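Biologist: I am new to this structure and would like to learn how to read it. Could you walk me through a few features?

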Amino acid sequence: MSAEATASQSGSTAGSPPGSLRILVYSDDRTTRDKVRFGIGKRPERDLPPVEFVECATQYAVLKTLDAGGIDVVILDGEAVPAGGMGIARQLKDEIFNCPPILVLTGRVQDAWLATWSRAEAAVPYPIDPIALCRATVALARQRLAATSGR
């Protein structure tokens, strides 16, 4: 595993606990990734499995991680540089077969239309509201788990 992508719960994606909910979090800013992890928590709802976060700091790490599979929800920082989350979201929807649902963190509430352009299923504006983030993530996780229904 490269230094650009890390699994923060178990320390390794190869040793992922069975039945865990894997959430990819992309941002070039470590504090943003920390806020996302804190906002969602280890088990956001009883009916969902425990969460394993996979953190990515570069576009390359996001693409490599999603190509490997096993991700249930993708959270992308729309304000990341040099590659913004909205552009990456659109690319993922074009290139990844059965792409997991995507949530984009937008710079402001008015940017929600850009998230629609990117084909993200959800958007949460800055400053990050942990409750809104958690609710949106739970909805996307349930959608994904129902679609895969093997979990």
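Modeller: Gladly! Keep in mind that this is a predicted model. Let us begin with a pair of helices: H1 (residues 30–40) packs against H5 (residues 130–148) at an angle of about 70°, and their axes lie 8 Å apart.

Biologist: How are H1 and H5 oriented to each other, roughly parallel or roughly perpendicular?

Modeller: Angles of 65 to 115 degrees count as roughly perpendicular, and H1 and H5 are therefore roughly perpendicular to each other.

Biologist: Which residues make the contact?

Modeller: On the H1 side they are Lys35, Val36, Gly39 and Ile40, and on the H5 side Pro130, Leu133, Cys134 and Thr137. Sorted by class, this contact of H1 with H5 has five nonpolar residues, two polar and one charged.

Biologist: What about the chain as a whole? How many helices and strands does the chain have?

Modeller: There are five helices and six strands. Starting at the N terminus, the order is β-β-α-β-α-β-α-β-α-β-α. The chain has 151 residues, and 46% of them count as buried. Among contacts between residues at least 6 apart in sequence, 70% join residues at least 24 apart.

Biologist: How should I read a single helix, then?

Modeller: Here is the general idea: an α-helix has 3.6 residues a turn, so residues three or four places apart point the same way. Now take helix H3 (residues 85–95), where Gly85, Met86, Ile88, Ala89, Leu92 and Lys93 are buried. Looking down the axis of H3, you find these buried residues within an arc of 160°, so they line one face of the helix.

Biologist: What do the buried residues of H3 pack against?

Modeller: Their partners are strands E2 (21–26), E4 (73–77) and E5 (102–106), together with helices H2 (59–68) and H4 (112–117).

Biologist: Cys56 and Cys134 have both come up. Are these two buried or exposed?

Modeller: Cys56 counts as buried at 0% relative accessibility, and Cys134 counts as buried at 15%.

Biologist: And how many disulfides are there?

Modeller: The count comes to zero disulfides, taking cysteine sulfur atoms within 2.5 Å as the rule.

Definitions and conventions. Residues are numbered from 1 along each chain as its sequence is written. This is a predicted model: local features need pLDDT of at least 70, side-chain atom pairs count only at pLDDT 80 or more; totals for chains, interfaces and linings use all residues. Side-chain values use heavy atoms; hydrogens and water are left out. Buried means under 20% relative accessible area, exposed over 50%, partly exposed in between (1.4 Å probe, protein chains only). Helices (H or I, at least four residues) and strands (E, at least two) are DSSP runs, numbered from the N terminus. The arc is that of the directions from the helix axis to the C-beta atoms. Contact means heavy atoms within 4.5 Å. Axes are lines fitted to C-alpha atoms, for helices over the stretch in contact, and angles run from 0 to 180 degrees between N-to-C directions. Angles under 35 degrees count as roughly parallel, over 145 as roughly antiparallel, 65 to 115 as roughly perpendicular and the rest as oblique. Ala, Val, Leu, Ile, Met, Phe, Trp, Tyr, Cys and Pro count as nonpolar, Asp, Glu, Lys and Arg as charged, and the others, Gly among them, as polar.
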